[in-house]
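Notebook open, structure loaded. I want to look up a few things here and jot down what I find.

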Amino acid sequence: GLHYQKGLGVKKDLKQAVYWYRHGVEAEDPEASVQLGYCYLYGLGECERDYEQAYQLFQEALDEENVSAYSMIGLMYEK
């Protein structure tokens with residue numbers, strides 16, 4: 001997903017990034033939860049901006065002590 005989001009070795013495609021992030025979330029990958037939450041936070045790909053969904057995904061990753069999730073939740077509180 002990150003490769004599609006950033007265009008690393010493949011053509012940048014946010015819809016494909018979201019597709020792969022969703023698969024990662026289904027597999028309970030906390031980093032995928034953070035990345036999908038980021039897409040919801042900023043309305044990227046096929047994700048409409050949804051702060052509650054973003055927060056929920058960040059919280060799931062936070063429960064797994066994902067460091068990125070701490071930063072993203074902090075950013076949400078700051079904004």
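Predicted model: local features only at pLDDT ≥ 70, side-chain atom pairs only at ≥ 80, totals over all residues.

**Entry 1: the H4/H5 contact.** I started with who meets whom. On the H4 side I listed Tyr51, Tyr55, Phe58, Gln59, Ala61 and Leu62, and they meet Ala69, Tyr70, Met72, Ile73, Met76 and Tyr77 in H5. Sorted by class, this contact of H4 with H5 has 11 nonpolar residues, one polar and no charged ones.

Next I looked up the geometry. Two packed helices are described by the angle between their axes and the distance between the axes. For H4 and H5 I got an angle of about 145 degrees, with the axes 8 Å apart. Their crossing is left-handed.

**Entry 2: the core.** In soluble globular proteins, nonpolar side chains tend to be buried together. Which residues touch the most other members of the largest nonpolar core? I found Val34, Leu36, Tyr40, Leu41, Cys47 and Phe58, out of 18 residues in that core. Helices H2 (14-26), H3 (30-42), H4 (51-63) and H5 (67-78) each give two or more residues to this core. Phe58 is also on my list for the H4/H5 contact.

I then picked Leu36 and looked up its partners. Leaving out residues up to four places away in sequence, Leu36 touches Val18, Tyr21, Arg22, Val25, Cys47 and Leu57.

**Entry 3: salt bridges.** Side chains of opposite charge can pair when their charged atoms come close. How many salt bridges are there? I count one. Glu46 pairs with Arg22, and the closest N and O atoms are 2.6 Å apart. The two sit 24 residues apart and link distant parts of the chain, with Glu46 in the loop between H3 and H4 and Arg22 in helix H2. Arg22 is also one of the residues that Leu36 touches.

**Entry 4: phi values.** Most residues other than glycine have a negative phi. I noted two residues with a positive value.

- Glu28 is not a glycine, yet its phi is positive, about 65 degrees. I found Glu28 in the loop between H2 and H3. Glu28 counts as exposed because its relative accessibility is 69%.
- Glu65 also has a positive phi, near 60 degrees. Glu65 is in the loop between H4 and H5, the helices that pack at about 145 degrees. With 61% relative accessibility, Glu65 counts as exposed.

How values were computed:
Residues numbered from 1 in each chain as written. Heavy atoms only, no water. Core = buried A, V, L, I, M, F, W, Y, C linked by side-chain atoms within 4.5 Å. Buried < 20%, exposed > 50% of the residue type's maximum accessible area, 1.4 Å probe, protein only. Helix = DSSP H or I, 4+ residues; strand = E, 2+ residues; numbered from the N terminus. Contact = heavy atoms within 4.5 Å. Salt bridge = Lys/Arg side-chain N within 4 Å of Asp/Glu carboxyl O. Axes fitted to C-alpha atoms, helices over the stretch in contact; angles between N-to-C directions. Left-handed = near helix turned anticlockwise from the far one by under 90°. Nonpolar A, V, L, I, M, F, W, Y, C, P; charged D, E, K, R; others polar.
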